[in-house]
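Here is a short report on one protein chain. Keep the sequence and the 3D view side by side as you read.

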Amino acid sequence: MKTIVLPFLILLIQSTSSVYGQSIQFTFHNGSLKSIPLVIPTVMNPNLSPLSNSGIELKIGQNVYFYPNGTTKKRELLFKVDDSYQQNQVLEIDELIEKRKKELKNK
């Protein structure tokens, strides 16, 4: 039994760590006329300029937060990077924020 379980556990740990060790390259696009402050813990706190593109690489499992009221008092989760995102994907951050604000209002 031990000879079967140990290789299985090693394989499981390796596959889990390889998924969470993967990074995805993104372009964050701000199509609005306002700056957008974001919080990406352990990475950076970017301030996306109006009508701009910003390249960023994030690991799977990374959370990205925004400020729904435009203040820096209370942040909310905008999205969590998972394997549904594709390499070099362009994210329309202003549109994601509007969608997320509506979700938060309907809670």
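## The model

This is a predicted model: local features need pLDDT of at least 70, side-chain atom pairs count only at pLDDT 80 or more, and totals for chains, interfaces and linings use all residues. Residues are numbered from 1 along each chain as its sequence is written, and side-chain values use heavy atoms, without hydrogens or water.

## Overall layout

The protein chain has 2 helices and 7 strands. Both are DSSP runs, numbered from the N terminus: helices are H or I with at least four residues, strands are E with at least two. Along the sequence the pattern reads α-β-β-β-β-β-β-β-α.

Of the 107 residues, 30% count as buried. Buried means under 20% relative accessible area, exposed means over 50%, and partly exposed lies in between (1.4 Å probe, protein chains only).

An open sheet holds 3 strands in the order 4-1-7, with mixed pairing. Two strands pair if DSSP finds at least two bridges between them. Strand 4 (52-59) and strand 7 (89-92) are the edges; each has a single partner strand, so one side of each lacks a neighbour in the sheet. From one strand to the next, the twist averages 30 degrees.

Thr27 has Gly55 of strand 4 as its bridge partner. Helix 2 (residues 93-105) lies across strand 1 and strand 7, at about 50 degrees to strand 7. Such angles run from 0 to 180 degrees between N-to-C directions, with axes fitted to C-alpha atoms, for helices over the stretch in contact.

Strand 5 (residues 63-66) pairs with strand 6 over 4 bridges.

Pro41 sits in the loop between strand 2 and strand 3. Leaving aside neighbours within four places in sequence, Pro41 is in contact (heavy atoms within 4.5 Å) with Gln62, Asn63, Tyr65 and Arg75. Pro41 is partly exposed, at 26% relative accessible area.

## The core

Which residues touch the most other members of the largest nonpolar core? They are Phe26, Phe28, Leu38, Phe79 and Ile93, out of 20 residues. Strand 1, strand 2, strand 4, strand 5, strand 6 and helix 2 each supply at least two residues of this core. A nonpolar core is a set of buried Ala, Val, Leu, Ile, Met, Phe, Trp, Tyr and Cys residues joined through side-chain atoms within 4.5 Å. In soluble globular proteins, nonpolar side chains tend to be buried together.

## Salt bridges

The structure holds 3 salt bridges. Each is a side-chain nitrogen of Lys or Arg within 4 Å of a carboxyl oxygen of Asp or Glu. Glu76 pairs with Lys74, with the closest N and O atoms 2.8 Å apart.

Helix 2 holds Lys101 and Glu98, 3 residues apart, or about one helical turn. Their closest N and O atoms are 3.9 Å apart. Glu103 and Arg100 also lie 3 residues apart in helix 2, and their salt bridge has a closest N and O distance of 3.3 Å. Glu103 is partly exposed at 38%, but Arg100 is buried at 16%.
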